Amino acid sequence: MEQRAFGRSGQTVSVVGLGTWQLGADWGEVREADALAVLEAAVAAGVTFFDTADVYGDGRSEQLIGRFLKERPDAEVLVATKMGRRVALDPALYTLDNFRAWTDRSRANLGVDRLDLVQLHCPPTPVYSSDAVFDALDTLVDEGRIAAYGVSVETCDEALTAIARSGTASVQIILNPFRLKPLEAVLPAAEAAGVGIIARVPLASGLLSGKYTKDTEFAANDHRTYNRHGEAFDQGETFSGVDYATGVEAAVEFASLAPEGATPAQTALRWLIQQPGVSTVIPGARNPEQALANAAAADLAPLPESTLEAVRDLYDAKIRAQVHHRW
């Protein structure tokens with residue numbers, strides 16, 4: 001699989017990575033054996049980037065990745081984790097002492113001395129403007145606890161503030177054919193500054209797979225049930241903030257754009273891979289078959305300009321009015 005330079009970190013990552021939120025069982029139950037099989041399938045397909053967080057299953061996702069890497073010491077995988085959402089979202093809690101405690105826990109969960117990449121996990125907006133916060137992150141690098149740091153953001157403005165920080169290695173942001181705003185300023189700024197871009201929620205929580213209808217029901221413990229209106233966390237994390245009924249309707253049109261031999265999900269991933277400035281895309285997978293299918297998107301031919309224009313037209317007609325002004 002194609003490997004790309006990962007921003008200022010000096011690291012490289014596969015263009016298709018693996019998001020592991022679902023392995024924490026926050027999208028419905030996932031058995032340990034199934035989770036490990038997903039990780040194995042991803043690595044076998046050439047994936048070299050796993051994205052996790054200390055809050056996914058309250059550490060379960062990190063622990064499963066740690067177990068996998070212990071059993072597969074030959075696997076060359078850059079593991080990015082996140083911190084800051086196991087406590088109240090209070091800027092006063094983003095301190096060096098807390099950062100040390102949080103990264104110590106993640107290092108234990110993952111079974112490593114030094115974390116490859118730690119991202120602030122969608123912190124309160126004032127955190128991005130705090131010199132003390134970024135000085136603390138620099139200290140973690142100096143102490144050898146982490147190799148690099150980045151941020152996971154909700155809004156384009158937060159991303160631009162973080163990109164302006166000289167130590168920021170990467171920005172993780174929601175980007176997919178139903179969320180185009182980052183293309184306007186964030187990706188060009190990141191590319192100019194040498195900051196890596198991790199595209200998350202690439203399938204709009206599964207909408208872009210084309211598998212859902214207006215009558216699809218999700219488990220009670222699946223965020224696609226309990227967070228449709230931002231009840232638990234930012235609404236943008238669920239279906240990219242798009243109204244579900246609207247998203248299902250738009251997904252039908254998107255599916256018609258898939259080239260012969262490609263699924264709608266693979267088409268969405270291929271679209272992301274070819275956006276200038278994107279380092280890696282992190283779809284999740286609940287089984288090995290999904291992991292392999294996602295990775296195969298990297299082998300698709302680039303989408304033609306006519307398809308790119310059709311994606312823009314679909315966004316402008318069905319989605320833009322709902323999400324563009326918010327994120």
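This is a predicted model: local features need pLDDT of at least 70, side-chain atom pairs count only at pLDDT 80 or more; totals for chains, interfaces and linings use all residues.
**Start: the whole structure.** The structure contains 22 salt bridges.

Stop 1: Select R4 and E2 and show their side chains. A salt bridge joins R4 to E2, with 2.9 Å between the closest N and O atoms. R4 counts as buried because its relative accessibility is 18%, under the 20% cut-off. E2 is partly exposed, at 43% relative accessible area.

**Stop 2: helix 3.** Select residues 96-110, which make up helix 3. Within this helix, pick R100 and D97, which are three residues apart, or about one turn of the helix. The two form a salt bridge whose closest N and O atoms lie 3.6 Å apart. R100 is partly exposed, at 24% relative accessibility, while D97 is exposed, at 56% relative accessible area.

Stop 3: Select E237 and R200, where a salt bridge has its closest N and O atoms 2.5 Å apart. E237 sits in the loop between helix 7 (223-226) and helix 8 (244-255), and R200 in strand 9 (residues 196-200), so this pair ties together parts that are 37 residues apart in sequence. Which state do the two partners have, buried or exposed? E237 is buried, with a relative accessible area of 9%, and R200 is buried as well, at 6%.

How values were computed. Residues are numbered from 1 along each chain as its sequence is written. Side-chain values use heavy atoms; hydrogens and water are left out. A salt bridge is a side-chain nitrogen of Lys or Arg within 4 Å of a carboxyl oxygen of Asp or Glu. Buried means under 20% relative accessible area, exposed over 50%, partly exposed in between (1.4 Å probe, protein chains only). Helices (H or I, at least four residues) and strands (E, at least two) are DSSP runs, numbered from the N terminus.
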